[in-house]
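Work through the exercises below with the sequence and the model open. Try each task before reading its solution.

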Amino acid sequence: MSNADAIGIVLEGGTPNVVKALIKADHEVKIGEFLIIRDREGRTGLVQVEHYEYGNDFYTESLGIVKSLIDSEVLATVLDKGTYLTVWLRVIKENNAKVQMPGNLVLKFPEIKDINKLDQTQRKFLELLYEEKLEDPRYVKYGRIINTNIPLLLRINALPMHMGIFGETGSGKSYNMRYLIDVFSNIEYDGKHYAIPMIIIDANGDYIDLATLSMKREYINRNGSRQMITRYAFTDIPNAQRFRLDMNLFTPSDIAYMVVTAKYRDTDVSQASLQMNLLEMALNELRDEDYNTLFTEDGFSELQQKVNEIVDERKDELGFTKNTQRALQSALQTFRSKVKEYDLISSDGETFSYDTLDEIFFKHGLVIIDFSADGAPGMDLLTKQIVVGYIARLMLNYLVKKKMNNERRILSLVIEEAQNYIPSENYPVNARLTKDVLATLATQGRKFGASLILISQRPAFVDKVVLSMLNSFIFHRVYHEDVKYIQSVTGGISEYLAKELISLPRGQAIVTGLINSLEIPVRVQIDKKPELESDIGSEGDILEILSG
Ligand SMILES: Nc1ncnc2c1ncn2[C@@H]1O[C@H](COP(=O)(O)OP(=O)(O)OP(=O)(O)O)[C@@H](O)[C@H]1O
């Protein structure tokens, strides 16, 4: 790289960690951008733009730095338009360079067309960012760092530490998730390709085309890494499997918890636990029966009768009241009516079971749970919570069991509209049914290979405890009210970058946390790939729509 590639020059007056520089006004500087500083000995250090100001006073010779550089060809180009930028650059890596020295040059990262074919200079600059990580298959390439063609390397081993993707409506979360699915479907290791097994709770049908359109399936699976891409729906439609629960996989106490919390989500704990005890007892006494049949037309009355029998015949001995009996019968009715509406439980037919999870793991599957109007017409939130709670519990039990058997697994559960399943106090939704099990999955899952990816428009609407267990974040443009919240949960985002969060254009995001190989918040651009585009998320052109 010659001096002619320089876009700026270091000034006097920085602080130990921040270098002040003049930059050409025609360089479209971005807060969070990475630049290089080269000292007079040719050593290079890495800096990140913290903030900048435009200036257009004429730079006079009386300024010391200008005087000493008056012959400098670089200074001439920096100042030739009369407008310049003063930038404050945070030092990220000094690398033995004397980055603070006035007169040092500020350089852009070189243009990189193909990261797999680097020349020597390109390699040198990339190593400044990534060191040996560049060759490590545990780091995958994602988007590009703002104002460069260099991908951000994501550390896949951070996935079990959970991730949050946040951004206001239309900011590009779903497209980003599609992009991540693609990245996680094509991980290269030792000449082969692998994919992270994933289950996606698809709130609006943003991902179903990946399973149903052959062009998209083929693209995702272009390296043969996903031998299973399946859409699950709640009604009979072509291209989709029917989603069915299997109650036999759960203990009486798990089932009792599901049934009772589904109805009485706010009820006081002692009331609820009496009802749970009663149902648990009934199920224990019916343990020779098929639990699925007990929740279908054929067996439900048997379950109801058992509950009545226990209370009527052994009231004094066990202390259950008529009230508890009535409340439990009502909870059973509610649960039964929900599962009946979508035929969620059947005494025969294939269920979503441990075998399904095994298949997802071994085939590196991508499973899309379709909650769109097509896949789950008219489904209310409670029924969705029954499904999500079921999957989370199944996953937890499965992973724990496998771990105990010394069989390592990894499964990623992606939940869109996460606020409906793990709401904070600020969000008026009841979700005991899902919240507890998801919190357990978040706390314990790490050790068992569970990876949660939570997607939401408002981080402030997601439970704080669960949020605090996410170790990686991707933020798109967010609402003003969320900025402070984001700063408090992530730490590490500077005031200046935080301000950018409210105006990020579509396709840009800030990546922080363990997944980010650079370990400081990085602003990325996620370019649209035609192969990954979908019609579902786009608003369309109003005139085109009106004119048919
Ligand atoms: N990286 C990108 N570059 C250009 N356009 C994009 C990009 N990502 C998304 N878009 C466009 O922005 C629009 C909204 O994207 P998307 O559906 O991903 O947003 P979202 O945040 O998931 O919205 P919602 O919360 O409402 O579901 C779409 O028209 C999409 O095509």
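**Exercise 1. How far apart do the C-alpha centres of domain 1 and domain 2 lie, and how many residues of each are in contact?**

Step 1. The C-alpha centres of domain 1 and domain 2 are 39 Å apart. This is a predicted model, in which local features need pLDDT of at least 70, side-chain atom pairs count only at pLDDT 80 or more, and totals for chains, interfaces and linings use all residues. Residues are numbered from 1 along each chain as its sequence is written.

Step 2. Domain 1 is 3-107, domain 2 is 152-228 + 361-543, and domain 3 is 247-341. Such bounds come from an automatic or database domain assignment.

Step 3. Count the contacts. Seven residues of domain 1 are in contact with nine residues of domain 2. Contact here requires C-beta atoms, placed from the backbone, within 7 Å.

Step 4. Find the main contributor. On the side of domain 1 that touches domain 2, strand β4 (residues 44-55) gives the most, with three residues. Strands (E, at least two residues) and helices (H or I, at least four) are DSSP runs, numbered from the N terminus.

Step 5. Sort that side of domain 1 by type: two nonpolar, three polar and two charged residues. Ala, Val, Leu, Ile, Met, Phe, Trp, Tyr, Cys and Pro count as nonpolar; Asp, Glu, Lys and Arg as charged; the others, Gly among them, as polar.

**Exercise 2. In what order do the six strands close into a barrel?**

Step 1. The order is β1-β2-β5-β4-β3-β6, with antiparallel pairing. Two strands pair if DSSP finds at least two bridges between them.

Step 2. Take one pair. Strand β1 (residues 6-10) and strand β2 (residues 18-24) run antiparallel and are joined by three bridges. Ile-9 stands opposite Leu-22 in β2.

**Exercise 3. Why is helix α4 largely enclosed by the rest of the structure?**

Step 1. Check the helix length. Helix α4 (residues 173-185) has 13 residues and reaches 18 Å from first C-alpha to last, close to the 18 Å expected. The expected span is 1.5 Å times one less than the number of residues.

Step 2. Count burial. Because 10 of its 13 residues are buried, α4 is largely enclosed. A residue is buried if 20 or more other C-beta atoms, placed from the backbone, lie within 10 Å of its own; exposed means 12 or fewer, partly exposed in between.

Step 3. Name some. The buried residues of α4 include Tyr-175, Met-177, Leu-180, Ile-181 and Phe-184. Lys-173 and Arg-178 are also among them.

Step 4. Buried residues make up 46% of its 548 residues.

Methods:
Two residues are in contact if their C-beta atoms, placed from the backbone, lie within 7 Å.
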